[in-house]
Amino acid sequence: MGTVYLVGAGPGDPGLLTQRGLSLLRRADCVVYDSLAGPLLLAETKPGCELIHAGKRAGRHAMEQDAINRLLAEKGRQDACVVRLKGGDSFVFGRGGEEGLYLREQGVPFEVVPGVTSAIAGPARAGIPVTHRGMARGFRVMTAHDSGGLANLDFDSLAHTTDTLVFLMGLGLLGEIASRLIGAGMDPQTPAAVIENATLPQQRTVRAALADLGRCAREAHVRAPALIVVGRTVSLADRLAPPAPRGLAGARILLPCVGELPSRLGERLRARGAAVEELAVCRVEEKTGAVRREAVGAADAVAFTSRRAVQLFFGALFGLGLDARALAGRRIAAVGPGTQEALRAFGLLADCVPPVHTGEALGALLRETLPRGARVLFPRAAGASGALRQALAGWAQVEDPVLYETVPCLSAEAAAATLDGRSFDAAVFTSGSAVRALLGVWKLPEGCRTLAIGPKTAARLEACGVACAESPHADLEGILEKLEEWFHA
Ligand code: SAH
């Protein structure tokens, strides 16, 4: 019989995991983790540690709570050290209490390792103390998403307290929370904030008077995980918030995109203060039926060179009645951090990621690590360069079903209507398709610097007669780094 440790992983920043949590994580034979428990922490586990994704993110429950309880008890009986890793603190809306009760009932030993809760650390990192002399004598942490929803909250009492109010899991109900508070008598001008991705590099705070918070958060496209803070102490953020990394303040950036808006890069650029013009230049056409069950079964490795390929591949897998288990024992290769992250969302950690994020480097890495004659499944975009194939030529057999095609969707008229006469400091291209789709119908204005995400995109720009700089590494971080070098005040 082992012990199950209910470990709070902290709010996101890996540095906010406790020492006890970290040492248990390093010792663990099995880790059962949630989506909010930072993937970076999983890298701390020892080789051979079993990693089980128990899901849980609003609307996406990978496993039912009962099943998780049973799993913990079963693992606790088998393994010496089982870590149940959860975002924040396990006893703050983490259902840690239920897990503990079940384990006690089953006679499986457990220990609670408290974590830093997002309810306090999130506001703190945004410069909002939950208590402050003369302003707030206490704070209340609530969820807007309980069995009874908002009906169970006592808005009369909430509207008349000086306590700071913190709402977790409330983003979808933000407007309603604000109007219920105001309806119950709270001053509509009460300072309030929504904090997205608190303590992570992409943390963002939207502050507004209570009455305007819902609209402001919507306009800023705030997404989960996010928490809501209401109360006088929010105004202290003026003086307590860390200086925002607004390294791109004022830079006007043109961003042609493939697929839906806003893009991740667009959001990151805005968070740094850039004025971003995002333009959908290609739409994504999905191809169905390209992935063969036999090819999945026979593969020794599966390689991905885009986030979208990961997502569509899993769609195809589910369509075949298979799931992530069909990839058990196969080497999973990802071209870079974005692809890696997309894989993690499906419960998979990539086995190999090349230091340089190109198809060529990924192919070379697979060639080094796979035996001759191995079979590589490479689900990809139409026209994705043959670089990976080439790197593996004469070594491995590659099957590369086409999952999607990017089809230009910007007309010359639409481009002219949105872009003519405007000036941009830089245009950023994240794919060859974006280059072709935009430059096929519109000419970049004078004085606009051009940045390409990687060598392929750069080559495509040069073929169009546009001189460009290349990101130091082929990912979003590389692009941000280069732009900050150009525009940082
Ligand atoms: N046990 C966790 C809370 C789990 S409920 C804790 O103690 O922090 C999940 C909710 O927590 C999310 O819907 C969101 O409201 C909040 N949350 C968790 N991590 C967050 C983060 N990094 N930034 C903003 N909100 C976060």
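These legends go with close-up views of a predicted model. Local features are given where pLDDT is at least 70 and side-chain atom pairs only at pLDDT 80 or more, while totals for chains, interfaces and linings use all residues. Residue numbers start from 1 along each chain as its sequence is written, and side-chain values use heavy atoms, with hydrogens and water left out.

View 1. Let us start with the layout: domain 1 covers 3–116, domain 2 covers 120–240, domain 3 covers 252–284 + 407–487, and domain 4 covers 292–400. These bounds come from an automatic or database domain assignment.

**View 2. The ligand between domain 1 and domain 2.** The ligand lies between these two domains because both of them give residues to the shell around the ligand. There are 17 residues around the ligand, and Pro11, Val92, Thr117, Ser118 and Ala226 come nearest; a residue belongs here if one of its heavy atoms lies within 4 Å. By type, the shell holds 11 nonpolar, 5 polar and 1 charged. In this grouping Ala, Val, Leu, Ile, Met, Phe, Trp, Tyr, Cys and Pro are nonpolar, Asp, Glu, Lys and Arg are charged, and the others, Gly among them, are polar.

**View 3. Backbone atoms facing the ligand.** Look for Ala226, where a backbone N or O atom sits 2.7 Å from an oxygen atom of the ligand. At Ala198, a backbone N or O atom is 2.8 Å from a nitrogen atom of the ligand. Gly87 also places a polar backbone atom 3.0 Å from a ligand nitrogen atom. The ligand alone exposes 540 Å², and the protein buries 91% of that (Shrake-Rupley method, 1.4 Å probe).

**View 4. Where domain 3 meets domain 4.** The C-alpha centres of domain 3 and domain 4 are 27 Å apart. Domain 3 brings 8 residues to the contact and domain 4 brings 7 residues, counting heavy atoms within 4.5 Å. About 610 Å² is buried between domain 3 and domain 4, with carbon and sulfur atoms giving 53%; this is the accessible area (1.4 Å probe) that the two parts lose on being put together, summed over both.

View 5. Which side chains meet in a salt bridge? They are those of Arg264 and Glu341, at 3.4 Å from N to O.

Key: Polar contact = N/O pair within 3.5 Å; in protein donor to acceptor, adjacent residues only side chain to side chain. Salt bridge = Lys/Arg side-chain N within 4 Å of Asp/Glu carboxyl O.
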